[in-house]
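Please keep the model open while reading.

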Amino acid sequence: MLTINEIFYSIQGESTRAGQPCVFVRLTACDLRCTWCDTPYAFDEGHKQSVDEVLEAVERHNCPLVEITGGEPLLQEDVYDLMNRLLARGRTVMLETGGHRPIDRVPVDVVKIVDIKCPGSGEADSNHWANLDRLSPHDEVKFVVADRADYEFAREVIERRDLASRCAAVLVSPVHGVIDARVLSEWLLADRMPVRLQLQLHKYIWPPSMRGV
Ligand code: SF4
């Protein structure tokens with residue numbers, strides 16, 4: 001069984017697949033409390049569904065791209081069965097993880113979007129650094145940046161771990177409503193960072209606090 005917060009069909013707002021139609025499966029629960037978390041409703045709101053029921057709900061949207069997100073999806077054991085069965089049905093499967101849980105057991109064909117928490121999140125001590133040694137070439141790494149200190153932290157990690165050459169994309173995202181995307185862009189350009197600026201597209205299409213998009 002899984003505890004599911006919501007399953008919905010929308011435009012992918014993040015990652016290198018931003019702009020593509022996608023089915024989102026949001027799992028309930030997270031063991032972090034990032035200061036800027038935009039899905040606190042996923043901490044404890046949810047209902048039990050079997051993996052079969054989740055697959056059926058995903059199938060109804062008839063979409064080749066599926067993202068499993070949360071909350072922190074790797075907290076639930078049956079998420080591995082869900083990922084394997086989605087892959088077996090020919091879906092492109094993305095997994096958004098907070099980066100504090102080991103990604104060792106995630107099927108290799110799943111596109112992992114792995115957060116590295118910056119100091120402004122309040123959760124930088126939770127990063128599971130060994131995950132960076134387990135990235136596949138199709139995976140992506142994401143930094144959410146709230147201020148200059150976060151940017152400098154991200155820059156140091158990206159350079160020291162040579163992240164740009166070890167995964168498909170390094171995503172750097174401003175905390176919506178906290179730091180101006182233009183300011184962050186100018187820092188990235190000044191340092192010639194080999195990254196991709198990421199805006200959360202769905203927050204520009206729909207009201208930023210709207211659920212299910
Ligand atoms: S890891 Fe994700 S879901 Fe958990 S608190 Fe941080 S932003 Fe929110």
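The ligand takes up the space of the largest pocket. Note that this is a predicted model.

Around the ligand stand Cys30, Leu32, Arg33, Cys34, Trp36, Cys37, Thr39, Phe43, Gly71 and Lys117. By class, this shell holds 6 nonpolar, 2 polar and 2 charged residues.

**Asp115.** The side chains of Asp115 and Lys117 make a polar contact at 2.7 Å. Asp115 belongs to strand S6, residues 111-115. Is Asp115 buried or exposed? Its relative accessibility is 8%, so Asp115 counts as buried; the cut-off for buried is under 20%. Leaving out residues up to four places away in sequence, Asp115 touches Glu96, Thr97, Gly98, Gly99, Asn127 and Lys142. Pro207 lies 92 residues from Asp115 along the chain, and their C-alpha atoms are separated by 24 Å.

**Glu14.** This residue sits in a loop. The loop runs between strand S1 (2-11) and strand S2 (21-27). Glu14 has 10% relative accessibility and therefore counts as buried. Which side chains make polar contacts with the side chain of Glu14? One is that of Lys142, at 2.9 Å. Another is that of Gln200, also at 2.9 Å. With residues up to four places away in sequence set aside, Glu14 touches Glu96, Lys142, Gln198, Gln200 and His202. Glu96 and Lys142 are among the residues touched by Glu14, and Asp115 touches them as well.

**Ser173.** Strand S8, residues 169-174, contains Ser173. At 2% relative accessibility, Ser173 counts as buried because the cut-off is under 20%. What does the side chain of Ser173 reach? It reaches the backbone oxygen of Gln198, at 3.1 Å. Beyond residues up to four places away in sequence, Ser173 touches Phe143, Val144, Val145, Leu184, Gln198 and Gln200. Gln198 and Gln200 are also among the residues that Glu14 touches.

| Side chain | Partner | Distance |
|---|---|---|
| Asp115 | Lys117 side chain | 2.7 Å |
| Glu14 | Lys142 side chain | 2.9 Å |
| Glu14 | Gln200 side chain | 2.9 Å |

Lys142 is touched by Asp115, and its side chain makes a polar contact with the side chain of Glu14.

How values were computed
Residues are numbered from 1 along each chain as its sequence is written. This is a predicted model: local features need pLDDT of at least 70, side-chain atom pairs count only at pLDDT 80 or more; totals for chains, interfaces and linings use all residues. Side-chain values use heavy atoms; hydrogens and water are left out. Helices (H or I, at least four residues) and strands (E, at least two) are DSSP runs, numbered from the N terminus. Buried means under 20% relative accessible area, exposed over 50%, partly exposed in between (1.4 Å probe, protein chains only). A polar contact is a pair of N or O atoms within 3.5 Å; within protein, one must be able to donate a hydrogen and the other to accept it, and residues adjacent in sequence count only if both atoms are side-chain atoms. Contact means heavy atoms within 4.5 Å. A residue is near a molecule or strand if one of its heavy atoms lies within 4 Å of it. On a 1 Å grid over the protein atoms alone, a cavity is a set of points where a 1.4 Å probe fits but cannot get out, and a pocket is an open set with protein on both sides within 12 Å along at least five of seven lines; lining residues have an atom within 4 Å of a point. A molecule sits in a cavity or pocket if more than half of its atoms lie within 2 Å of its grid points. Ala, Val, Leu, Ile, Met, Phe, Trp, Tyr, Cys and Pro count as nonpolar, Asp, Glu, Lys and Arg as charged, and the others, Gly among them, as polar.
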